[in-house]
Amino acid sequence: MVKDASKTLFALGGIDKEVHELSGQKVEIEAKNESFSARITAYRAKLEELQALHEESSSRQAIEETRLREEEAKIVERRKQLTTLGGAKSAKLIERELDIATRAMETMERSAMEALEIAERVFQERENLNERLKELEGEFSSDSEDGKGKVTTFTKQIDSLNKKRDNLLGKVDERLKNLYNKVNMRYPGDGISIVKAGACRSCFRSLPAQMYNQVIAGNMLLQCPGCSRILIYGGDSAGGSSGGSSGAPEARA
Ligand SMILES: [Zn+2]
């Protein structure tokens, strides 16, 4: 009876280990998708910012250029006026007025040039970001297709494992079921430990001699005094790996 229960618990441990691993992979894929989405959202927000900045700098550039052209036209007009006035003003005064106007125009030219540079820089920055965003979106869509497929497969596998799990749990009595669930909650997918050469293979605690004998006899299910996992006898050799799903419990006469 207890020996059957041992086998059932051992099988349960294997199933839960698999479920745990598959769930972990599922969560990883979902987390990756989330971080992708977050990055894309941040890129889009930044792109909008640059778009607004670009519009602003372009219109500033247009204003500066209009001012400059107007000033140029004004100077041309003034020069004509002054030339026709001829002797009314001294050549020196004419020279002075045009000089002031020219310097003002140079300042305007500089700020028009500056506005152009800013507009171009923002434009380039926006283009670069747009390209990176497209790359990221492409990567994301192929990755998430792949991810969706995997998540679907994992979900199916987990469902089918859970059915097997329920079936096995139905075979053990209530007390054992509760014990197993409790231990499995503490060590997800790793609630069963093989005992080899007198020690728990999960925490490597040596068992007291009497306990070890009880585990070998297999008349009752015991928990490791070190880690509280459910102990199942796995033979006398110290070799082999630890863990619930590796190595079947040794057949006993
Ligand atoms: Zn242990």
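Modeller: One term before we start: donors are N, O and S atoms within 2.8 Å of the metal (3.2 Å for Na, K and Ca), and sites may look incomplete since water is not among the atoms. This is a predicted model, in which local features need pLDDT of at least 70, side-chain atom pairs count only at pLDDT 80 or more, and totals for chains, interfaces and linings use all residues. Residues are numbered from 1 along each chain as its sequence is written, and side-chain values use heavy atoms, leaving out hydrogens and water.

Biologist: What spacing do the donors of the zinc ion follow along the chain?

Modeller: They follow C-x2-C-x20-C-x2-C, and the protein donors are Cys200 (SG), Cys203 (SG), Cys224 (SG) and Cys227 (SG), lying 2.3 Å from the zinc ion.

Biologist: And is cysteine 224 buried or exposed?

Modeller: Cysteine 224 is buried (under 20% relative accessible area, where exposed is over 50% and partly exposed lies in between, with a 1.4 Å probe and protein chains only), at a relative accessible area of 3%, and cysteine 227 is buried too, at 4%.

Biologist: Switching topic, which residues touch the most other members in the largest nonpolar core?

Modeller: Leu9, Ile230 and Leu231 do, out of 36 residues; such a core is a set of buried Ala, Val, Leu, Ile, Met, Phe, Trp, Tyr and Cys residues joined through side-chain atoms within 4.5 Å.

Biologist: What does isoleucine 230 touch?

Modeller: Not counting residues up to four places away in sequence, isoleucine 230 has contacts (heavy atoms within 4.5 Å) that include Leu9, Leu179, Tyr180 and Val183.
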